[in-house]
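Here is a walk through one protein chain, from its overall build down to a handful of individual residues. Keep the viewer open as you read, and follow along.

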Amino acid sequence: MPREQATAFAPGRVNLIGEHTDYNRGLALPLAIAEGVTVRATAREGAQVEAEALDLGERDTFPLPAPSGLAGGWRAFVRGAAAELGRAGFPVGGARLQISGSIERGAGLSSSAALEVALCLALVGLSDREPPDRRELARICSRVENEWVGVRTGLLDQLASLYGRADAALRIDFRSLEVEPVPLELGEWRLVTLDSGDRRSLAASAYNERRRECARACELLGIASLREATPAMAARLPEPLADRARHVLEENSRVEQAVAALQRSELSELGRLLNASHLSLRDLYDVSTPAVESAVARLRAAGAAGARVIGGGFGGHVLGLLPPEASGPEGAREVRPGPGARLLER
Ligand code: GLA
């Protein structure tokens, strides 16, 4: 029997390390955070969806199946979620959706994935079906972003939101899609984010261009993904592709080193790896901005053992790892791992 109501919550994420590796079938180590997006779905008569973004005071109504074509901002996510669920064999019926969030948009904390995942869980929650397996759901959500929003993002944000754990970061291997919890025992140390103040949407940034560069590098090397490249192969590429590939290879190895550092509780070493990741993202991958640099510098000046740009880059929040004695700069906010996406009631 279809249900009358379903409410779903999906968290945002912070990526500890492993940036721009997901679409290169590499490794990453994100954590879901406590903040996220809640979608309350109520069944309604007729083949129509009425959606309301409560914090924006905006509405959208569209017929089912969801029409393709341009719908800007948050509306593209709702239409895309309804359409992609249907295409994946989870048909969506008439619904009223109320969307609210505790996570700022465009801040690099993955409000987009939180929105996609919460929408999909709530919409499937209204039907008599169990939701698809979490990997399948991540793929559906990622198609919403790729096909309906127009950003060629990988699976990092969706998998982090879906697999989040209250006590752990997640080592994700994007070749096998294996997700392994890595206990996050920070003791008196703290992870904080600091807003760089720059708000550039990924779509408007060079994110898609970086993806194209990596695809071109693979084409030139005759391999399916940069996971198969070696440092010697990367060095043979023309610039800037050689730098891009070098970042990806070294970042994968930093993820392995970060997992080992966490397992041995060597938090200064984790800080060193965060700094190395930042330099690589700035100099080899070219995704930093002056505002990001200044936020990273403020964190380091306030005693951070490591600080770096996170997510796609080009603005948003930066991440810092503070030792017990450091209080952090003004505006820094502590982040803790939180549980993954879930249906709150049905
Ligand atoms: C964004 C994308 C992710 C990932 C990161 C960079 O957050 O949504 O898929 O590519 O950038 O690591």
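## The chain as a whole

How many helices and strands are there in the chain? The chain holds nine helices and 13 strands, where helices (H or I, at least four residues) and strands (E, at least two) are DSSP runs numbered from the N terminus. Please keep in mind that this is a predicted model, in which local features need pLDDT of at least 70, side-chain atom pairs count only at pLDDT 80 or more, and totals for chains, interfaces and linings use all residues. Residues are numbered from 1 along each chain as its sequence is written, and side-chain values use heavy atoms, with hydrogens and water left out.

The C-alpha trace spans about 60 × 50 × 35 Å along its principal axes. The radius of gyration of the chain is 20 Å, which agrees with the value near 20 Å for a compact globule of 346 residues; this radius is taken over C-alpha atoms, and the globule rule is 2.2 Å times the number of residues to the power 0.38.

## Burial, contacts and charge

Of the 346 residues in the chain, 58% are buried (buried means under 20% relative accessible area, exposed over 50%, partly exposed in between, with a 1.4 Å probe and protein chains only). The accessible surface comes to about 14000 Å², and 48% of it belongs to carbon and sulfur atoms; such areas come from the Shrake-Rupley method with a 1.4 Å probe, and for residues only the protein chains shown count as cover.

Among contacts between residues at least 6 apart in sequence, 71% join residues at least 24 apart, a contact being heavy atoms within 4.5 Å. As for charge, the chain carries 42 positive and 46 negative side chains, and the centres of the two sets lie 2 Å apart. Here Lys and Arg count as positive and Asp and Glu as negative, while His and the chain ends are not counted; the place of a charge is NZ of Lys, CZ of Arg, CG of Asp or CD of Glu.

Is Glu 84 buried or exposed? Glu 84 sits in helix H1 (residues 73–87), and its relative accessible area of 0% makes it buried. Its side chain makes a polar contact of 3.4 Å with the side chain of Arg 143, and another of 2.9 Å with that of Trp 148. A polar contact is a pair of N or O atoms within 3.5 Å; within protein, one must be able to donate a hydrogen and the other to accept it, and residues adjacent in sequence count only if both atoms are side-chain atoms.

Leaving out residues up to four places away in sequence, Glu 84 touches Ile 140, Arg 143, Val 144, Glu 147 and Trp 148.

Val 92 lies in the loop between H1 and strand S6 (95–101). Its relative accessible area is 18%, so Val 92 counts as buried. Beyond residues up to four places away in sequence, Val 92 touches Leu 64, Ala 82, Leu 85 and Leu 123.

Arg 44 belongs to the loop between strand S3 (30–43) and strand S4 (48–53). The side chains of Arg 44 and Gln 48 are joined by a polar contact of 3.2 Å. Setting aside neighbours within four places in sequence, Arg 44 is in contact with Glu 50, Gly 94, Ala 95 and Arg 96.

## Backbone details to check

Which peptide bonds are worth a look for cis geometry? The bond from Leu 64 to Pro 65 is cis, with omega near -5 degrees, and Pro 65 lies in the loop between strand S5 (58–63) and H1. Glu 239 and Pro 240 are also joined by a cis peptide bond, with omega about 5 degrees; Pro 240 is in the loop between helix H6 (231–235) and helix H7 (241–263).

Leu 177, a residue other than glycine, has a positive phi near 60 degrees. Leu 177 is in the loop between strand S7 (168–173) and strand S8 (178–183), and is buried at 8% relative accessibility. Phe 314 has a positive phi near 60 degrees and lies in the loop between strand S10 (306–309) and strand S11 (317–322). At 8% relative accessibility, Phe 314 counts as buried.
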